[in-house]
Amino acid sequence: MRRRFSLRLRPRLRLLTIRMKRVSIETMLNDVKTYVRKNIRRVLLSGSVSVALGMCYLFLKLTALPSPKVVPYSDLIANLQNGSVTKVLIEEGSRRIYYNTNLQSEEAGTQKSNGEAMPISLPNEDEASKVESDVGTRSVTPQSFNILKKSSKARASIPEWQYGTRKVDHDEKFLLSLMRDKGTSYSSAPQSLLMSMRSILITVLTLWIPLIPLMWLLYRQLSAANSPAKKRQRDTEVVGFDDVEGVDSAKVELMEIVSCLQGAINYQKLGAKLPRGVLLVGPPGTGKTLLARAVAGEAGVPFFTVSASEFVEMFVGRGAARIRDLFLVARKSSPSIIFIDELDAVGGKRGRSFNDERDQTLNQLLTEMDGFESDMKVVVIAATNRPEALDPALCRPGRFSRKVYVGEPDEEGRRKILAVHLRYVPLEEDMNLICDLVASLTPGFVGADLANIVNEAALLAARRGGEIVTRDDIMEAIERAKFGINDKQLRPSTIGKELGKLFPWMPSLARKSDTRTEGFQDPLGYQTLS
């Protein structure tokens with residue numbers, strides 16, 4: 001075992017010594033300086049906390065008094081009856097009683113009378129010279145430290161009270177009569193200011209400081225200002241309606257709402273009201289969130305984004321408070337738009353479960369969207385792919401007045417979507433030809449699938465070290481999206497048949513598909529080498 005341990009430890013020690021040799025003091029100081037500059041607030045906070053804790057420890061150390069011996073209340077009564085108690089102090093505001101006896105002084109006197117004289121040793125000449133040489137060093141030491149040390153030693157060695165106990169309730173009359181009969185001197189005094197400060201400080205250090213992180217977490221959960229809504233900021237990557245294709249009807253509806261908010265359409269002259277909410281419904285990947293991003297880029301009004309799952313909290317009532325805070329901020333900056341993604345997380349039908357938190361959050365959302373305060377210029381746009389799970393009260397007119405279906409694009413829509421995604425991709429052939437080819441080969445694909453195909457083709461081109469994306473890369477990306485990766489038995493036959501049916505006048509495609517299928521001699525996939 002020792003040999004194995006030494007064999008494992010030696011290379012690690014060598015590596016550690018090599019690293020220690022490379023480390024210099026200047027680089028360490030520079031690293032410390034850069035860290036302090038970057039985290040100046042944390043350093044100041046940690047330094048102030050450490051200084052405060054050190055001052056508290058120093059205060060407790062300097063004000064430490066010797067505690068009296070704690071004895072039962074019956075010992076006090078017995079000593080009073082024996083007449084050995086000399087002085088009693090009853091502390092006001094507490095049940096503590098301190099007293100002194102003459103038993104220890106008598107025992108000490110008997111020990112001195114019975115004991116022998118201790119021999120006294122006189123210092124010789126060498127010791128006297130050592131003492132003379134140490135005088136200079138003693139004068140160098142600060143006198144305040146010596147005085148502090150002497151005072152702490154004196155406090156720690158001589159207790160003011162010998163014994164301490166706690167009195168029994170409803171026994172004050174008997175105790176006072178006993179002390180009067182025996183002639184014992186007694187008095188009462190409040191607790192000293194120093195001891196009260198010590199007790200408060202000890203309580204704070206032992207109880208409140210460990211609870212501060214928990215209280216901070218509770219404050220973050222329960223504070224009304226902790227809203228999950230994020231105000232959309234203007235950045236360099238702005239998405240507009242020109243970047244959304246294939247969902248023309250949904251785009252027209254949202255463009256109309258944006259025009260109403262901007263004041264381009266005077267709908268009030270005709271007695272119309274601004275729609276309260278627009279519900280975007282459709283399968284995943286069709287571009288519902290992209291439409292909301294386009295609205296945020298084109299609106300020119302404050303836009304707040306939030307996910308419905310962020311309203312569901314562990315504490316009952318917190319989701320409703322967050323809804324109130326969200327709409328309060330939106331009203332202050334009206335006209336504004338609120339986008340709630342995945343509405344079915346909070347807008348499900350009530351009564352199906354015992355989750356009171358979700359029901360209260362939904363009730364607050366219903367009240368905010370169509371309550372007594374009807375004159376508000378706040379439009380709510382929500383997206384979901386499960387409209388059947390929503391509560392009927394949420395989907396009624398007046399709350400979500402418009403329900404826009406964002407479905408799968410047709411071939412023309414796929415062609416437009418591909419033109420948007422291939423805008424900044426260098427291609428070997430004409431972009432229109434590639435868009436027609438991919439759109440015809442991908443029926444049933446949505447916008448997210450087409451974006452994935454374009455990205456996968458670019459990655460394949462980068463893998464082979466090319467500077468442009470070729471048709472073979474796009475075909476490989478389509479095969480990956482349809483059949484997965486490394487599915488070699490299905491890809492050549494299916495893609496070759498589809499290409500042969502669609503483009504019979506292109507012999508290059510048929511030749512490529514034939515050469516790819518020639519290598520497959522049997523179902524096991526063995527290839528012949530020529």
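Figure 1. R480 lies in helix α19, which covers residues 471-483, in a structure that is a predicted model. Because its relative accessibility is 16% and buried means under 20%, R480 counts as buried. The side chain of R480 makes a polar contact with the side chain of E456, at 3.1 Å. When neighbours within four places in sequence are left aside, the residues in contact with R480 are E456, L460, R463 and I485.

**Figure 2. Close-up of the largest cavity.** The structure holds one cavity of 30 Å³ or more. The volume of the largest cavity is about 60 Å³. Its lining is made up of L418, L422, V425, L427, I434, V438, I453, V454, A457, V469 and I474. Two or more of these lining residues come from each of α17 (431-441) and α18. Helix α18 provides the largest share of the cavity lining, with three residues. By class, the lining of the largest cavity has 11 nonpolar residues, with no polar and no charged ones.

**Figure 3. Close-up of the largest pocket.** The volume of the largest pocket is about 790 Å³. This pocket is lined by 27 residues, of which L65, P68, E91, Y98 and M195 are the closest to its centre. Of the elements, α10 gives the most to the lining of the largest pocket, namely five residues. Sorted by class, the lining of the largest pocket has 15 nonpolar, six polar and six charged residues.

**Figure 4. Close-up of the second largest pocket.** The second largest pocket holds about 570 Å³ of space. Among the 27 residues that line the second largest pocket, V239, D243, L290, R293 and H421 are the closest to its centre. The elements giving two or more residues to this lining are α12 (288-299), α16 (411-421) and α18 (447-463). The largest share of the lining of the second largest pocket comes from α12, which supplies four residues. The lining has 12 nonpolar, seven polar and eight charged residues by class. Both domain 2 (241-405) and domain 3 (411-502) take part, each giving at least three residues to the lining of the second largest pocket. Helix α18 gives two or more residues to the lining of this pocket and also two or more to that of the largest cavity.

**Figure 5. The setting of the close-up views in the whole protein.** The secondary structure of the protein comes to 21 helices and 11 strands. The protein has 530 residues, and 32% of them count as buried. Among contacts in the protein with a separation of 6 or more, 78% join residues 24 or more positions apart.

Definitions and conventions: Residues numbered from 1 in each chain as written. Predicted model: local features only at pLDDT ≥ 70, side-chain atom pairs only at ≥ 80, totals over all residues. Heavy atoms only, no water. 1 Å grid on protein atoms, 1.4 Å probe; cavity = no way out; pocket = protein on both sides within 12 Å on 5 of 7 lines; lining within 4 Å. Points joined across faces, edges and corners; volume = space filled by probe spheres on them. Nonpolar A, V, L, I, M, F, W, Y, C, P; charged D, E, K, R; others polar. Domains from an automatic or database assignment. Buried < 20%, exposed > 50% of the residue type's maximum accessible area, 1.4 Å probe, protein only. Polar contact = N/O pair within 3.5 Å; in protein donor to acceptor, adjacent residues only side chain to side chain. Contact = heavy atoms within 4.5 Å.
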